[in-house]
Amino acid sequence: MKKCVVVSDSFKGTVSSREICEIAQQVIPRHFPACEVVCIPVADGGEGTVDCFIQAMGAQRVEVTVTNALGEKSAAAYARIGELAIIEMAAAAGLPQVGALRCPGTATTYGVGELIAHAVDSGCRKILLGLGGSATNDGGCGCAAALGVRFYDADGQSFVPVGDTLGRIARIDTAEAEALLRSVEITVMCDVTNPLYGPTGAAYVFAPQKGADAEKVKSLDAGLRHFGDVIRSQYGLDVSAMPGAGAAGGMGAALMWFFKAQVLLGIESVLDTLEFNQVLNKVRFVITGEGSFDAQSLSGKAPIGVLTRARGQKKSVTLVAGQVQCGTDELRQLGFDAAYELRSFAESDADSMRRSRELIFEVGRRWAKDFKIHSI
C-alpha cells in the first residue's frame, strides 16, 4: 500500500491544521483506497503549536494558571514529552487574550516566564518555545523577571519592566536566573529576523498591529534602544542587531542574552522534534500547505520547510493553499509537483474563506483521483 503524509499549517481564521488532517483522512481513502494517509498537524511557533504536538506526538497537556499580557491571572497550557516542554508564547502573552485592549506599552511577558518556570520545576530540561502572536513590547523583561532576573532603577529599586518603563532600567542582575536554568536548554521557534530597535526593529514593524500609534511606536523604540544599551554597557555584548532580537516585542533579545537560547526557524524546530525525516522514509507522497502561499512563505514558512526535506528524499510534494501567489513555473522550480488553490474553486475571496472546509474536501478528492492515476 502506498502512503501519503499530510503535514499542513492552519489556514488561519478558517480551518485548523487538525481539521485539515481530519478531512484528508476522510476523503483521500474514499477516492484512492490504495493510499494510506499519515497526518501530522503542524504550527510554526504561534497559536496552535501546543495542540499540534499533543495530537501529533501524544504529548501531555499541562494546565497552569499564569499572568497574562494584561497582568491578570489566566489559564494557559503547555505540552510535555518526557523532559521536553513545548510552550507557545501566545498562550500567556498573545493578542487573542487582550482582544480590543491592545496596549503594548503595558503588556507583559511575565506569564511566559511562569510557564517556563513551571516546566523546569516539574523536571523539564529542554524547552521548545514558540514566539508567534505576541501582544507585548517589553523586551522579554517580564519573562526574564519571572525566571529570576532582577531589574533595578537608578534609585536601586527592583521592578518588572514593561514597554513603557524599559527606559528606567539602570542595572540588571541575572544570578538567580542563571542558577535556575543552569542545566536547561532553550530552543526558540522564530521566523522573524528583525533587530531589537530601529526602522526594522520590534516597535516600528510590529507594535502598530498591537495597538501602538506613531508616537507610542517612537517611545517604545526608545525603550528598547535603552534596554540594549544597558546590556551592552553592563555585559559588553550588543544583542540589538542579532537576527531575531526584535521578535515578539524584543523577546528574542532576552532569550538570546539572558538564557543563551538557540534561535531556529519555527518549522525546522517542529520537524526535528517530530522526527519528520524518519516519517518521510515510509511515504511516497507529501501534501503540505497554509492559508496563503506568497513571497513571505519562501523565507521559511511550513510548506517550504516540508518541501526542502521531502525533495531531499525525492518524494512527490503537493501544495494546497487558500491562495497561491506564485505562478506554475515558479512552483515547479521550487520543487512542487502539483498545487491546488481553494480560491480557484470559489466565486470570491470571501466565498473561499467561508467555504474553506468544503473546498478542502474538493481538493482532497481531486488530489486522490489525480495521483491515483499517476501511481498506476
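Me: Which residue lies over the face of Phe159, and at what distance from the ring centre?
Reply: This is a predicted model, where local features need pLDDT of at least 70, side-chain atom pairs count only at pLDDT 80 or more, and totals for chains, interfaces and linings use all residues. Residues are numbered from 1 along each chain as its sequence is written, and side-chain values use heavy atoms, with hydrogens and water left out. A charge sits over a ring if NZ of Lys or CZ of Arg is within 6 Å of the ring centre and within 35 degrees of the ring normal. Over the face of Phe159, at 4.1 Å from the ring centre, lies Arg168.

Me: Which residue has Arg171 over its face?
Reply: Arg171 lies 4.2 Å from a ring centre. The ring is that of Tyr152.

Me: Why is the pair of Phe258 and Phe259 called tilted?
Reply: Rings of Phe, Tyr and Trp (its six-membered ring) pair if their centres lie within 6.5 Å; planes under 30 degrees apart count as stacked, over 60 as edge-to-face and the rest as tilted. A search of the whole structure finds 10 aromatic pairs. In this one, the centres are 6.2 Å apart, and the pair is tilted because the planes of Phe258 and Phe259 stand at 55°.

Me: What is the angle between the planes of Phe285 and Trp367?
Reply: These two rings are 5.5 Å apart, centre to centre.

Me: Which residues do ring pairs link into a cluster?
Reply: Ring pairs link them into a cluster whose members are Phe32, Phe285, Trp367 and Phe371.

Me: How many residues of helix α13 are buried?
Reply: Buried means under 20% relative accessible area, exposed over 50%, partly exposed in between (1.4 Å probe, protein chains only). Helix α13 spans residues 302-312 and is largely enclosed by the rest of the structure. Its buried residues include Ala302, Ile304 and Arg309.

Me: How many disulfides does the structure hold?
Reply: A disulfide is a pair of cysteine sulfur atoms within 2.5 Å. For Cys141, the nearest cysteine sulfur, that of Cys143, is 9.7 Å away. The number of disulfides in the structure is zero.

Me: Is Cys141 buried or exposed?
Reply: Its relative accessible area is 0%. Cys141 is therefore buried.

Definitions and conventions
Helices (H or I, at least four residues) and strands (E, at least two) are DSSP runs, numbered from the N terminus.
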